[in-house]
Amino acid sequence: MSETPSSPGPSPVYRAPPPRKRPAWRTWMWIGVAVLVAILAAVLLTPHPDQHSRGRGGGGASGGRNMPTTVGVATAVKGDVPITLGALGTVTPEATVTVQSQIAGTLEKVDFTEGQMVKKGQLLAEVDERPYIVALAQAQGALARDQASLANAELDLKRYQTLAKQDSVSGQQVDTQSALVKQDEGTLKTDEANIASAKLNLIYCRIIAPVSGRVGLRQVDPGNYVTSATANGVVIITQMDPIDIVFSLPEDDVSQVQARVAQGVTLQVTALDRTGAVTLAQGSLLTLDNQIDTSTGTVKAKARFANPTGVLFPNQFVNVTLLVNTLTDAVIVPTQAVRHGSKGDYVFTVDQDPLTGGNTAKMVLVKVGPADGDRTSIASGVNVGDQVITDGGDRLTDGATIFLPGQTMPNMSHQKKSGGLFGWIAGLFSHKPAADGGAASASGGSGGGSTASAGGGDNAGAGGGGGGHGGGGARMQAMLAQLNLTPDQQSKITAIEAATKQKMQAAGDDPDARHAAMHDSMQQIAAVLTADQKAKLAQLRAQAHAAGGGGPGGSPDSASPAPAAGGSPSTSIGAQPSPVAPPPSAPDSSAPPPQASAGGGGGGGHGGGEHAALAAILTEDQKAKVKAIFDDAKASGDFSQVRAKIAAILTPDQKAKLAAMRAAHQGGGGGGDQ
């Protein structure tokens, strides 16, 4: 049977598989990876000036040592410093007496109150006296009997002596009677002594205080039988006034104490409480012991104190201060101002920089004398009237800039560089000014003029934002030119300026190194000047400040003085900001505002080209507003918002034109006008 093939049906139509959809989580994963990569790149590309500064300074804490520090100060004065010896002493009564009964008998009465102050001879207690009254009567009776016997014997002796003259009795009988008389006389004396003893016992029945002092607790109650052998006696009396203190002195101090005692000086001793804060009593040294304790290396001393109020208590531990001598007319500073280093003891004094008018810390080695608590005498190194630093010295180095209490710390926020991701992103889309125009200023300006500052800080009249110190250097040169410098001084200053130029070039954009280089140069120039020249320089600076010029580091003058002797380029010597920078002068309504240095930080390099550009795009109404902005900033002393306020009144076209002019100015080398 053959199979019949089935007829083929219609062929199926081919359809492509549907497109595979990418999971949403994978898309978000790649987006997250891209964001993380961008953040990592931003972190790696972001500069970290703070860490660099800390690494250069040798630690996080030392990174700010070159920054100005507010310190506490005190003035060295002349005074007397006591030379004292301190010790721990024990209050010891001059006399401690245990009162005992002198006779045996029943204690009938106690005539004192525990803790009472008693006088010598005061009645304390009474013993039953009746047995002793009887004994006295017996002794008196025996005396009367023996007196009669003696009288009879004396009469018989007289008779025998008369008969002996008549040869009526023998001589032996007379001698025997004479001996009997003497025997009766002896018996009579014994009776008299017995009477005296009985009377004394009657006196002993009244127990009295042998010394003046304070009685303690009663040891025996009335009704008890007491004897002279009673263990604790009746009561204990302690003499309170005067009272002694026994203390120990080191054997090394014995010689100076003995020397003062040999001079006939009465050494004063002060007793203080356990804390050493409260004075209990004043006394005098009584004596020293006659030998040194070899086990402790000390010698005992005793001082006597008047103690009428009983403030010193027997066996009390006190702090003792022995005044050995007094150092007169000594230079005294607070103890906390004295510091200790590898070279010895030193202090930081406040030194005024003659070039900047600011205050700096000067490390001075001193020889320390005797101290008296929070006061220390200085044998050499500090004079009366010098100001020494008491607080904040741990953060100082020699020559560091300081601010005294009451002075205002300048706003240094403009020195901080923005870091982090947002700072990096902002830097990509914003104009980045020159790192530090002052570096070119120190080297004499690379684009024009001996005092021109290459790069200039484009503050547009908004507050000294990073320009060089060319104007400040010019002002300093003008001041130095008025000091009648000798050729030798001019040559020395020229050499200092050349060395500073090299240091400033080597410092680059490191503000701490630049500050240190400028400070060193100012110190060197100050050493070259005479006292009169320094005074005149300070007067010129004061006049410049009063005129609104700002002095070194402020806005430059319109006039450009000649360079220093020898034709060397003008540097930024003296361009260090003063502790309180002078406010800039108000701008003229018809001209763009001058560069204002809110922190005294410079602005010599942006020059007249910047102001000409700004003046060309401002309307008269805008110029009036800019003048009002500067007037307000000058009145308040805060120039931090000047740039933002000026930018707010500019139109977008004006901002674009100003940015283009700045770019052209910076691209051309920036030979700023003075």
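1. In which strand is the place of Asp 329? This note on a predicted model opens with that residue. Asp 329 has its place in strand β16. Its phi is near 55 degrees, a positive value in a residue other than glycine. As a general rule, most residues other than glycine have a negative phi. Asp 329 has a relative accessibility of 57% and therefore counts as exposed, the cut-off for that word being over 50%.

2. Asn 315 is not a glycine, yet its phi is positive, at about 65 degrees. Asn 315 belongs to the loop between β15 (298-305) and β16. Because its relative accessibility is 58%, Asn 315 counts as exposed.

3. In general, most peptide bonds are trans. Pro 242 is found in the loop between β11 and β12.

4. The pairing of strand β3 (residues 77-93) may be read next. Strand β3 is joined to strand β16 (residues 317-334) by 13 bridges, and the two run antiparallel. One example is Gly 79, whose bridge partner in β16 is Ala 330. Strand β3 is also joined to strand β12 (residues 243-250), here by 5 bridges and again in the antiparallel sense. Within that pairing, Thr 92 has Asp 244 of β12 as its bridge partner.

5. The partner of β6 is β9 (residues 213-215), and 2 bridges connect them in the antiparallel sense. In this pairing, Met 117 stands opposite Arg 214 of β9.

6. Which residues have the most contacts inside the largest nonpolar core? They are Leu 107, Phe 112, Leu 124, Val 235 and Ile 237, in a core of 33 residues. At least two residues of this core come from each of β5 (105-110), β7 (123-127), α3 (130-165), α4 (171-204) and β11 (235-238). Helix α3 gives the largest share, with 7 residues. Another core, of 25 residues, lies apart from this one; among its members are Ala 87, Leu 249, Leu 267 and Val 299.

7. With its neighbours within four places in sequence left aside, its contacts are Val 97, Thr 98, Val 99, Phe 112, Leu 124, Val 215, Gly 216, Leu 217 and Gln 219. Two of these residues, Phe 112 and Leu 124, are also named with Val 235 among those with the most contacts inside the largest nonpolar core.

8. How many aromatic pairs does a search of the whole structure find? The search finds 1. In this pair, the ring centres of Tyr 346 and Phe 348 are 5.7 Å apart and the planes stand at 85 degrees, so the pair is edge-to-face; the cut-off for that term is over 60 degrees. Tyr 346 and Phe 348 are both buried.

Technical notes. Residues numbered from 1 in each chain as written. Predicted model: local features only at pLDDT ≥ 70, side-chain atom pairs only at ≥ 80, totals over all residues. Heavy atoms only, no water. Pairing = 2+ DSSP bridges. Helix = DSSP H or I, 4+ residues; strand = E, 2+ residues; numbered from the N terminus. Phe/Tyr/Trp six-rings, centres within 6.5 Å; stacked < 30°, edge-to-face > 60°. Buried < 20%, exposed > 50% of the residue type's maximum accessible area, 1.4 Å probe, protein only. Core = buried A, V, L, I, M, F, W, Y, C linked by side-chain atoms within 4.5 Å. Contact = heavy atoms within 4.5 Å.
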